[in-house]
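Could you walk me through this model in the viewer, one selection at a time? I would like to know what to click next and what I will find there.

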Amino acid sequence: MSPALFLLLVAGLAFIGWITGRARAARFTGTGANRPHSLPGYHGWYVALWALAPALLFLAVWGFVSPGLVDATVTATPQSAAIRLDPADLTAEVRALGTGALTTAFHPEVVPLVPVFQRVQTHYDVIGGVVALLLAFAGGAFAYTRVKPDFRARTRVEQLVMAALLGASLIAVLTTLGIVLSLLFESMRFFARVSPIEFLFGTLWSPQTGDSGTFGAVPLFWGTIFIGAIIAMIVAIPLGLMSAIYLTQYAAPATRRWMKPILEVLAGVPTVVYGYFAALTVAPAIRDFAAFVGIPGASSESALAAGLVMGVMIIPFVSSMADDSIAAVPQSMRDGSLAMGATTSETIRKVLVPAALPGVVGGVLLAVSRAIGETMIVVMAAGLAANLTANPFSSVTTVTTQIVQLLTGDQEFDSAKTLAAFALGLVLFIVTLLLNIVALRVVKKYREAYE
Amino acid sequence: MTETSLNDRADKQQAAHGGTLKMTARDVDVFYGTKQAIKNVSIDVTQENVTAFIGPSGCGKSTFLRTLNRMNDTVASARVTGDITLDGKDIYGADMDVVQLRARVGMVFQKPNPFPKSIYENVAYGPRIHGLASAKPDMDAIVEKSLRRAGLWEEVKDRLTDSGTALSGGQQQRLCIARAIAVDPEVILMDEPCSALDPIATAKIEELIHELRGRYAIVIVTHNMQQAARVSQKTAFFHLGTLVEYGDTSDIFTNPRQTRTKDYITGRYG
Ligand SMILES: Nc1ncnc2c1ncn2[C@@H]1O[C@H](COP(=O)(O)OP(=O)(O)OP(=O)(O)O)[C@@H](O)[C@H]1O
Ligand SMILES: [Mg+2]
């Protein structure tokens, strides 16, 4: 009998629980103070959930535990004792053959073990399934006995729904926490080999295979800021702000209807597309232009190319945040200004934009945090040379580019070179986190001012 | 309609109502899309008098008031026909600059709407836009004069740099009046200026209207019958987009000619 069948049986039991619980509750009568507390449907759900939840929990746990038990039993058989193989490799191969993941054996001597494995597996499946069925029945029966007129089934069901929702959100929170912890942990190992001072303030970045090499990350930080926070923002802030102003203040509703979605499509373009656009179209054009006007140090991978394209990518973020905050300025401000004899553009410059500024600033900060974490464009267009330069035509590298660089290819997992990626990731994470917190605060403050 | 015939009729109106004509409206219709909000309204606004617009909700008082400084231009679906003049000149004419018009015909709104700037900057906003003061002392003088006229100077003179939005509702509304006064308008339109205020703040505004009367032609929309009786000399009663009755406030309230007016004033509907 397969686990799926047991699942079906448990579900069947829950369904029966729902029917019987509901039917029992439906017989309750009474009015006024004696009115049954909950509608029959809630009692039905109460019984069904009691049948379902313990059994499913058990099956989930069993799913983790039983493979170990199966493997242990298989290794303990006299046949396997005769085979000269590492027990872990042995069980892995037998399992692969037994479940059909592998069709031909690497080690023919393990083939006789496959039927043994299948027998043991079935054995444990049945044990697990039967226990689950018993749990389902017991839970359902327990809940059924509690179905009384004054039993608050509705409240209980509500609590369970809340618990499920809480669980769902906890998964996201815990995952984040896990990622942060692993970042921290690996960074610690890195900082045991390379001093944090050298890492944060050193200006020479030259990781070598193994533990040698220098890890001064300042050129990376500078490259990231140069591309993501300076060049990209010089493009994105004015264009985003102006398009938001046009869309909210000047565009006819019909124009706005088609233009806004198109602008938002920019945000949905996969970044790899921007990446090859930057690398194949923009970067060569910029190099040729630089050569034409005689700017020295022009390289075919330039900070300018990556920054410009990233700026274009960021426009929709800035514009939609600015759009929201300008739209949130009450119409009465606009009317007040127009009624004073101000023109539309005076009204925008002197009243709307100043009033919307905190929201716009928040949007820009969010955009910056996105830009510095952006990877694809810079990997493809910014280059790998860790230059500390303010020349936009030369090649610079960024934190994300280097992380990709450090982790691709064959690497020993615990060399300083590999661990440096985690330290870089940690810095990036902290900076984006801070930017996000500040941005959200600014935006929230601003919302409060008008609501 | 030609200018002379307009003036002819206006002269007759003047004879009928007394006072110097400031603004005239003739056969004004206003549409929002295809829906007509104002039907064939003709009315005069005189320099010396406060004119009150009364009528049940949705009858078009605000709509009509907004035609007088062309604020309806900001509503995409709104369309105005008919003749409206300021000092005899068509305000919807090709040679009328709407920006100039709004500097001459100021407006105070139902809800106080100071800009999120300092008190000083709120008042200085209009003069700055229109270039009324060339140096800081001139601007200081305009700000002080406007705040004094709005009866707010004593309360705020020590905190001109505080935000205008930090004032109380009544103070905010007087700040908005000061802001409107600062560009030295000829006409001030007020759309229910007291409806968001408590009785004491309301009394202050009414007092202010008394003081401003004569210096500016004032038009006020109000739902409060007593207020109309207290502050105005002329009253216009609107109903369903039409002007039902227009005359001296004392006549309208004591001796209305139309039964609809009488019913409304005595509180039988609306
Ligand atoms: N922007 C608009 N678009 C479409 N219709 C409008 C608009 N503004 C007002 N109207 C309509 O025009 C009519 C007159 O509205 P208006 O605001 O002038 O009435 P009002 O007399 O000022 O009412 P209240 O006393 O409630 O302020 C109403 O039927 C209203 O629904
Ligand atoms: Mg109104």
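Before the first click, one term: buried means under 20% relative accessible area, exposed over 50%, and partly exposed in between, using a 1.4 Å probe and protein chains only. Helices (H or I, at least four residues) and strands (E, at least two) are DSSP runs, numbered from the N terminus. This is a predicted model, where local features need pLDDT of at least 70, side-chain atom pairs count only at pLDDT 80 or more, and totals for chains, interfaces and linings use all residues. Residues are numbered from 1 along each chain as its sequence is written, chains are lettered from A and ligands numbered from 1 in the order in which they are written, and side-chain values use heavy atoms, leaving out hydrogens and water.

**Stop 1: a strand in chain B.** Select residues 21-32 of chain B, which make up strand S1. Of its 12 residues, 10 are buried, so S1(B) is largely enclosed by the rest of the structure. Now click Asp27(B), which is found in this strand. Asp27(B) has a positive phi of about 50° although it is not a glycine, and it is partly exposed at 30% relative accessible area.

**Stop 2: a loop.** Move to Asp184(B), in the loop between helix H7 (169-181) and strand S7 (187-191) of chain B. Its phi is near 55°, a positive value in a residue other than glycine.

**Stop 3: the largest pocket.** A pocket is an open set of points on a 1 Å grid over the protein atoms alone, where a 1.4 Å probe fits, with protein on both sides within 12 Å along at least five of seven lines; lining residues have an atom within 4 Å of a point. Which residues lie nearest the centre of the largest pocket? Select Thr248(A), Gln249(A), Tyr250(A), Arg334(A) and Thr74(B), out of 27 lining residues. The largest share of the lining, 4 residues, comes from H8(A).
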